[in-house]
Amino acid sequence: MEQELMKSYYIIPLPGTVLFPGVTIHAELTQEDAIKTLRAAAEKNDDVFCPLLLEPDSEHFERKNVSDVGTVGRILQIMRLPEHGGMVRVVIEGRQRARIRGVKRREESNLALVSLLNDDLTVPEDNPLFQEPGEALLDAALTFSLRRCFEAYCEHMPQIPGDLVNLAFKTNLPGKLADMIAGNAYLTLEDKLSVLEETNVYRRGELVCGILNRETQLLSLDEKLQEKVNEQMDKNQREYYLREELKAIGEELGETEEEDADRLRKAVEESRMPDGHKQKLFKEIERLRRIPVGSADHSVLMLYIEKCTEIPWGTYTKENGDLSRAVKILERDHYGLKDVKTRITEMLAAMMVSPEMKGQIICLAGPPGVGKTSIAKSIAAATGRKYVRISLGGVRDEASLRGHRRTYVGSVPGRIIGALTDAGSMNPLILLDEVDKLGSDYKGDPSSALLEILDAEQNFAFTDHYIDMPVDLSRVLFLTTANDKYAIPDPLRDRMEIIDLPGYTFEEKFQIAKRHLIPKQLKLHGMNRKNISISDPALKDVINGYTREAGVRQLERKIAALCRKESVRLASGDRERLVVKPQSLEELLGPRKFRPDEDPQANAVGVVNGLAWTGVGGELLKVEVLVMEGTGKTVLTGSLGDVMKESAQAALSFIRANAGALGIDPEFYKNKDIHIHFPEGAVPKDGPSAGVTMTTALASALTGRAARGDVAMTGEVTLTGRVLPIGGLKEKSMAAYRNKIGTVFIPEKNTPDIPEIDEAVREKITFVPVKTVGEILTRVLLPARPVPVETAPAEPKPQRKKTAPPPEFKKRGGLNEHP
């Protein structure tokens with residue numbers, strides 16, 4: 001019965017144990033709140049209220065984490081355990097049940113308002129067994145039952161001390177005896193809590209008897225199982241101990257291989273796999289029935305059948321048929337990328353008009369950080385398909401995609417089948433990430449395995465080595481990503497339609513940062529715009545001064561760094577809003593990483609701007625040539641590859657063959673040393689597209705005429721001066737755009753590539769198509785400046801006299817070039 005009087009006690013939640021009246025327990029406390037409350041109660045010598053802590057891992061006290069009923073107890077001893085990280089061990093003696101009515105906080109302690117619960121001695125009317133005898137006889141009978149059940153229980157639990165059994169035989173009150181048994185027996189917390197919540201003495205005794213009988217039966221069954229296992233074991237079969245024990249448990253529970261076989265057969269029957277597949281698995285199930293449970297073949301075969309049934313045969317998700325919704329999703333998730341969005345929209349529209357269309361394998365190619373993976377996620381959301389990503393970077397074994405044969409130990413299905421299982425449907429969007437980084441070794445070539453996977457004429461019957469049954473992949477939408485599309489093997493690239501994602505322009509980076517990156521980082525750091533504000537000029541300075549990339553990953557990291565600075569301020573108690581301005585960037589992010597040159601477009605002799613393509617976007621590549629008095633040596637530096645060295649030789653041969661037309665001493669190759677250098681020497685460089693750049697730099701250095709610094713160029717040069725087409729024009733033009741180059745010379749045969757270049761780049765850069773290198777020299781080399789002479793020069797030798805370029809230099813045929 002509950003008393004009407006309410007009392008307040010310090011509340012000490014006990015982890016992993018339940019305190020009963022009349023029982024003394026030891027408990028370890030780790031919660032800081034509980035330790036502080038315990039100290040406060042000990043200082044005042046007050047009793048404490050001890051409920052069960054329902055979530056032991058919680059760091060702070062919460063009302064929902066403790067039981068409603070507990071026990072008021074007296075603190076007997078407190079011990080600190082410094083070797084256990086400040087844990088406190090407390091000894092508490094239980095006194096009386098109580099029910100929590102409310103909690104409050106006093107200074108650093110927690111108090112509970114409780115109503116005390118007295119034992120209810122009323123004889124239950126709902127149980128006829130309690131009605132026949134008198135109250136005294138009923139107490140004696142219940143006490144006898146409790147003793148008998150406890151004694152039987154202790155026979156199977158030798159760890160319970162005999163003194164406790166003797167004490168049970170000396171206790172004559174059934175309520176007190178039930179509490180003593182429940183408090184000392186090895187029962188579950190749920191059982192102990194149910195006993196504590198029962199205030200009626202007779203129901204409590206009946207409940208404890210029932211729990212003890214159940215535990216006794218379980219212990220007895222466990223002993224029988226152990227005996228049976230020990231009988232079946234032989235001295236030479238000890239390594240099979242665990243397997244035999246599991247077998248004995250299965251026999252006791254009635255679970256045999258027949259149940260496993262029936263379960264698997266039902267799973268196969270309910271699956272939507274083709275009938276031919278079902279018949280094959282039915283045969284495997286019949287073979288499973290004949291294999292002993294303990295053998296290795298049994299587990300291998302059962303795993304195989306389970307893997308086959310886990311494939312979502314015939315399950316398809318409903319695809320989105322609303323094109324406008326798909327377009328909104330693409331526009332919401334990505335800024336810019338107009339051409340990419342247009343191509344994806346066309347693909348989605350074609351799929352909506354003709355759902356049975358096959359063969360559209362899209363490859364998103366571009367430098368890191370331009371949004372290839374996020375675009376794939378947006379396409380999945382736009383089409384209503386499940387999204388699964390498979391990373392192919394560093395994969396060298398084709399079994400990773402096609403699975404291992406079942407003859408190998410530990411074999412599993414390939415990652416394609418695993419993706420279908422993870423998606424739970426047969427028409428997901430599977431992103432094959434970093435397809436250009438596939439490797440190959442003696443185990444096989446994974447790129448060859450992709451030929452079947454990505455070919456619509458073959459993948460309707462894709463066969464995984466492990467599953468060994470055809471699987472239809474024709475409804476799967478495959479997307480691939482790559483940084484270097486030229487690193488993809490030709491047969492594989494032929495099966496894909498490549499969509500190039502060039503680097504972002506400055507304005508695109510600015511808008512992406514404002515619309516996506518800043519809100520994302522604020523959310524990740526638990527902030528809002530009331531905590532931090534990044535001004536537009538500051539954001540532009542971050543883009544120009546702290547990042548130099550095609551994508552926006554470095555930019556996002558810098559924004560995250562600003563958010564972390566504000567996190568430090570907030571954690572230190574400074575609640576003032578942080579306004580990031582250009583003048584405060586160096587204090588927050590450190591010195592600027594990239595500063596504009598004093599004169600980035602200065603005209604110089606022997607220095608020409610080239611353009612290079614890399615896996616992370618285009619780069620401006622300056623070529624420097626120095627001519628010195630010497631014996632005709634040529635030095636190439638800058639970590640150059642063989643192709644680039646050969647290109648330099650071709651450029652030098654062209655200059656030597658046309659020395660007279662260029663106004664160069666024809667004997668320069670005998671009395672001059674030439675050094676051609678590409679800065680950033682630690683970065684490997686190769687390819688023929690720097691041919692025209694080296695030719696122009698050589699001509700500038702040998703003639704002494706400065707080259708324009710506001711132009712850049714790219715193209716392969718031949719011995720006859722022809723300029724051949726190159727690749728990567730979009731990326732190279734983006735590099736010129738970032739470096740504020742106004743004019744770019746390109747091979748005439750690359751003219752059809754100009755419309756594919758970003759519109760913002762085309763507005764800022766003038767592209768000049770050329771057929772021969774002579775057209776570049778006439779427009780890039782500036783007239784030579786006269787050099788003042790203080791003394792009369794010696795009479796020049798006729799054969800060494802240098803003359804200015806003839807007027808015919810601008811006409812075709814002025815140089816020894818291909819017409």
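The model is predicted, so local features need pLDDT of at least 70, side-chain atom pairs count only at pLDDT 80 or more, and totals for chains, interfaces and linings use all residues. Residues are numbered from 1 along each chain as its sequence is written, and side-chain values use heavy atoms, with hydrogens and water left out.

Begin by selecting the five strands of the open sheet, which follow the order β9-β10-β13-β8-β14 with parallel pairing; strands are DSSP runs of E of at least two residues, and helices runs of H or I of at least four, numbered from the N terminus, while two strands pair if DSSP finds at least two bridges between them. At the edges stand β9 and β14 (497–500), each with a single partner strand, so one side of each lacks a neighbour in the sheet.

Five bridges join β9 to the parallel strand β10 (residues 429–433), in which leucine 432 stands opposite isoleucine 390.

Then move to β8 (residues 362–365), which pairs with β14 in the parallel sense over four bridges, and find isoleucine 362, whose bridge partner in β14 is glutamate 497.

Finally, select cysteine 209, which is buried at a relative accessible area of 9%; its sulfur lies 4.1 Å from the closest cysteine sulfur, in cysteine 149, too far for a bond, since a disulfide is a pair of cysteine sulfur atoms within 2.5 Å.

Notes: Buried means under 20% relative accessible area, exposed over 50%, partly exposed in between (1.4 Å probe, protein chains only).
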